[in-house]
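Where do the nonpolar side chains of a protein chain go? Look at the structure below with that topic in mind.

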Amino acid sequence: MLYRRALTRELALTTGAVLTVLMAIALVILFIRLLGDVARGELANEAVFTFLGFSLLYFLPVLMTIALFAGVLLPLSRMWRDSEMVVWFSAGLSLTQWLRPVLAFAVPFTLVILLLTLVLNPWVQTKKDEYQQDLRSRSESSLIAPGLFAESDAGQRVYYVESLNPLTGIVRNVFMQSRIDGQLGLVVAREGYHTELFDGSRYLVFKNGRRYEGVPGQLDYRIVQFERYWMRLDRADVEASEPGIRQKPLTALIDDASPPARAELLWRLGVPVSALVLAIMAIPISFVNMRSRRSYGLLIALLLYFVYNNLLSLSQAWVAQDKLNPWVGMFATHILMLFAALALFYARARPRRPRGVRP
């Protein structure tokens with residue numbers, strides 16, 4: 001009981017620490033990618049943090065799987081290095097008796113991953129698609145790219161900005177040309193930004209600039225100098241897209257017999273199952289040679305995780321292409337890795353003869 005309580009506490013602390021580090025790394029990578037999309041004009045600057053949250057929630061089950069694997073592997077490896085395993089074996093206990101405390105921690109953790117893959121991720125994908133539709137309906141001018149001419153409203157407006165701050169959404173050195181009822185209007189301003197009022201109406205606000213109005217070929221142009229110039233942005237009509245496979249709830253996937261639906265169901269169930277199998281495999285992999293004080297467990301763990309993940313992805317792809325039976329794809333990879341775990345347990349539990357001694 002003493003070992004079990006100490007192990008559970010250490011598993012929780014290590015898994016939480018690894019998950020925090022993985023989430024921080026994922027946030028940085030995703031944030032850099034989203035800023036690149038903003039700079040290319042593929043994403044509105046106001047949607048950066050929203051898409052960051054959507055993306056992190058989508059990848060959270062995979063991050064939790066890695067964290068659980070490392071959270072079991074690292075504490076047990078420390079016990080090998082600190083000779084605590086020697087005390088364990090001297091008490092007449094075997095390596096397989098670590099299964100009970102490890103599973104007592106891993107099973108609830110796996111159920112959380114299962115909840116994320118089956119319930120939260122489809123909801124996140126649905127909300128992300130709805131938000132994308134809302135962004136498209138607001139205005140094409142919300143996707144202005146610095147250094148490029150952007151056209152909206154069927155060519156009635158043309159925008160150009162020199163630079164864009166992705167965090168604040170402020171653009172510098174703005175040029176806009178509009179054509180209304182045959183009259184040409186040019187707006188030049190030092191900076192500008194988008195704003196939305198309480199009633200949902202959106203405006204493009206220019207600051208410190210001039211507006212030139214007139215008819216091409218005539219000399220009666222009017223020049224207006226302004227501190228602020230508000231221009232209303234009308235919502236565009238965007239057709240709603242059909243929900244994708246990733247957005248379908250569990251009941252819809254079960255009723256759908258198409259290969260893509262079966263492949264998606266394989267992935268949603270495969271991620272939590274792989275987390276549980278990897279937690280079991282971490283027990284024999286954590287072995288440390290007490291004589292050389294060396295452990296190749298971390299390298300073996302990385303190799304096994306990549307093999308497991310690639311086999312799972314390959315099975316999903318083959319099921320989606322109707323090249324593999326869905327039931328075979330659902331269980332084959334996990335059964336193969338369970339046999340590998342049993343082989344590792346057998347290799348660690350088998351007594352070894354001293355060198356030079358023959359049977």
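The model is predicted: local features need pLDDT of at least 70, side-chain atom pairs count only at pLDDT 80 or more, and totals for chains, interfaces and linings use all residues. Residues are numbered from 1 along each chain as its sequence is written, and side-chain values use heavy atoms, with hydrogens and water left out.

In soluble globular proteins, nonpolar side chains tend to be buried together. A nonpolar core is a set of buried Ala, Val, Leu, Ile, Met, Phe, Trp, Tyr and Cys residues joined through side-chain atoms within 4.5 Å. Buried means under 20% relative accessible area, exposed over 50%, and partly exposed in between (1.4 Å probe, protein chains only).

The largest nonpolar core here has 50 residues. Leu68, Val72 and Met281 have the most contacts inside it. Helices α1, α2, α4, α6, α7 and α8 each supply at least two of its residues. Helices are DSSP runs of H or I, at least four residues; strands are runs of E, at least two; both are numbered from the N terminus. The largest share, 14 residues, comes from α6.

Take Val72. Leaving aside neighbours within four places in sequence, Val72 is in contact (heavy atoms within 4.5 Å) with Leu11, Val102, Ala279 and Ala282. A second, separate core has 24 residues, including Leu43 and Phe54.

Now the surface. Ile335 is found in helix α8. Ile335 is partly exposed, with a relative accessible area of 43%.

Phe175 touches Phe149 and Val188, among others.
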